[in-house]
Amino acid sequence: MGALAGALLLLLPPLLAPGLLRVATALAPGPFTLPLRVAAAAGRGSAPTPGPGPPAEPRADGLAFALEPSGGAANFLAMVDNLQGDSGRGYYLEVLIGTPPQTILVDTGSSNFAVAGAPHAYIDSYFDTERSSTYRPKGFDVTVKYTQGSWTGAVGEDVVTIRKGLNSSFLVNVATILESENFFLPGIKWNGILGLAYAALAKPSSSLQTFFDSLVAQADIADVFSMQMCGAGLPVAGSGTNGGSLVLGGVEPSLYKGDIWYTPIKEEWYYQIEILKLEIGGQSLNLDCREYNADKAIVDSGTTLLRLPQKVFGAVVEAVARTSLIPEFSAGFWTGSQLACWTNSETPWSYFPKISIYLRDENSSRSFRITILPQLYIQPMMGAGLNYECYRFGISPSTNALVIGATVMEGFYVVFDRARKRVGFAASPCAEIAGAPVSEISGPFSTDDIASNCVPTLPLNEPILWIVSYTLMSVCGVVLLVLIVLLLVPFRCRHLPRDPEVVSDESSLVRHRWK
């Protein structure tokens, strides 16, 4: 606490330059905070459509876009270090489609393969279909919306090559992005997106074969891929030279240590898994396990942070603040609008607790836990100042899912075993700082004290919502048509002597219709 006691606590409104506004009166003051605009990180949703005026200010939420080789066609070792990037701007892969090669964001939370098809202020190159002799248009457009950002493009097919490990060409569906909103951002180093989720999420429909499904069919590889993201403890949105690996077709033993722990995939759309509980500093949040899975829990490399349902997020913030050694924190740090800063001589990681996520094992009576140390969720930022280091909170609230994004994935080697409907986690050799690991994995643990099913019975997923919506609209349309017919079609009635005991035909008809 000695070094911590010398820090100052500053609260800076977003429109003021950094300066001392308030000195904390607590006996052990915390760090000072800066508005997030001083950092160079960029997030999906932070940049407007290019136009006159200065660039948009960056935000803390970042991007938010869910074995053995079968035939010897893939060289897994050659795929090591084929990724570059960081948790702030995503990890990207080089793909040959036209000239020059395109750099593509790897996203396990969507299913479309798309590249820029027109110039944009925030990218250096784009794919000109008119200069490709192998491109074939399919004659329809597609619009894809993400948690943050969207794009519209023309769908076609062309030949692509992945030089590292799969040094051959494959015919795949590709969308060329012609219009976008908050998708391409300042500082990014990719100009397209590779969606690796299931075909159920593909737009405009699941009948459009995905990139990875095409690869499995044509390259004679297993229906498995795995990822290692090596940005743990490194500045968010730094030089962009952090490494990583995307292994297409299986698992590369050199990329993990110990055992791979697997959890079942609950539904094949996103990589939806089942979370049983969360612990902060070894203490359970004691929430109903269904809260963690409302309305889904997914693994998504295209999302920057660990995103939690609102109720879970509030409980995590309260527990982290209570168990940390810092007596006072600005609310802006937790919400992502401010950075917490310390002098260069100290790092804050020792002041924060570990966070553990329990996942159901393939044996449903057991669980295992993945644990991230503060080095993964208290994330250093670039460009804050010369005499101090600033950090952001790598966890954010979500309205519709718990998302295990890059904040957690950087601590592990993650295996997407589609063939056996499971996602695996193992210790990653690159998840270390100064030789010390920043993540842990352990088990098994009993699930006797946990519900047999923590996934809501009727998850509010998109396909069901669309079906219900169209059904309701159809019913409403039929009812409306009947009412119009009843109002417009004249009824011929026979005029009979008035009898108070007799009800007119018209009244009988209307009453009958409404029974």
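**Group meeting: salt bridges, a hairpin and a few serines**

Okay, let's start with Asp223: with a relative accessible area of 24%, this residue is partly exposed. By that I mean between the two cut-offs, with buried being under 20% relative accessible area and exposed over 50%, using a 1.4 Å probe and protein chains only.

Quick housekeeping. This is a predicted model, so local features need pLDDT of at least 70 and side-chain atom pairs count only at pLDDT 80 or more, while totals for chains, interfaces and linings use all residues. Residues are numbered from 1 along each chain as its sequence is written, and side-chain values use heavy atoms, with hydrogens and water left out.

So who does Asp223 pair with? That's Arg418: their side chains meet in a salt bridge at 2.7 Å, N to O. Arg418 sits in the loop between E26 and E27, and Asp223 in the loop between H2 and strand E10 (224-229), so this pair ties together parts that are 195 residues apart in sequence. For the record, a salt bridge here is a side-chain nitrogen of Lys or Arg within 4 Å of a carboxyl oxygen of Asp or Glu. Helices (H or I, at least four residues) and strands (E, at least two) are DSSP runs, numbered from the N terminus.

Asp213 is in helix H2 (residues 211-219) and Arg418 in the loop between strand E26 (412-417) and strand E27 (422-427), so here the parts tied together are 205 residues apart in sequence. Is Arg418 buried or exposed? Buried, because its relative accessibility is 5%. Asp213, at 23%, is partly exposed.

The structure holds 16 salt bridges. Another one to look at is Lys266 with Glu274, where the closest N and O atoms are 3.7 Å apart. Lys266 counts as partly exposed at 38% relative accessibility, whereas Glu274 is buried at 2%.

Next, the hairpin. Strand E6 (residues 136-145) and strand E7 (residues 150-162) pair in the antiparallel sense over eight bridges; for strands to count as paired, DSSP has to find at least two bridges between them. There are four residues between E6 and E7, and Gly149 in the turn has a positive phi of about 95°.

Now two serines. Ser396 is in strand E24 (residues 395-398) and counts as buried, at 10% relative accessibility. Its side chain makes a polar contact with the side chain of Arg307 at 3.5 Å. Leaving aside neighbours within four places in sequence, Ser396 is in contact (heavy atoms within 4.5 Å) with Leu305, Leu306, Arg307, Leu308 and Phe313. A polar contact, by the way, is a pair of N or O atoms within 3.5 Å; within protein, one must be able to donate a hydrogen and the other to accept it, and residues adjacent in sequence count only if both atoms are side-chain atoms.

Then there's Ser442, in strand E30 (residues 439-446), partly exposed at 23% relative accessibility. Not counting residues up to four places away in sequence, Ser442 touches Trp261, Phe368 and Arg369. Ser442 and Asp259 are 9.6 Å apart in space, C-alpha to C-alpha, with 183 residues separating them in sequence.

That's my tour; happy to take questions.
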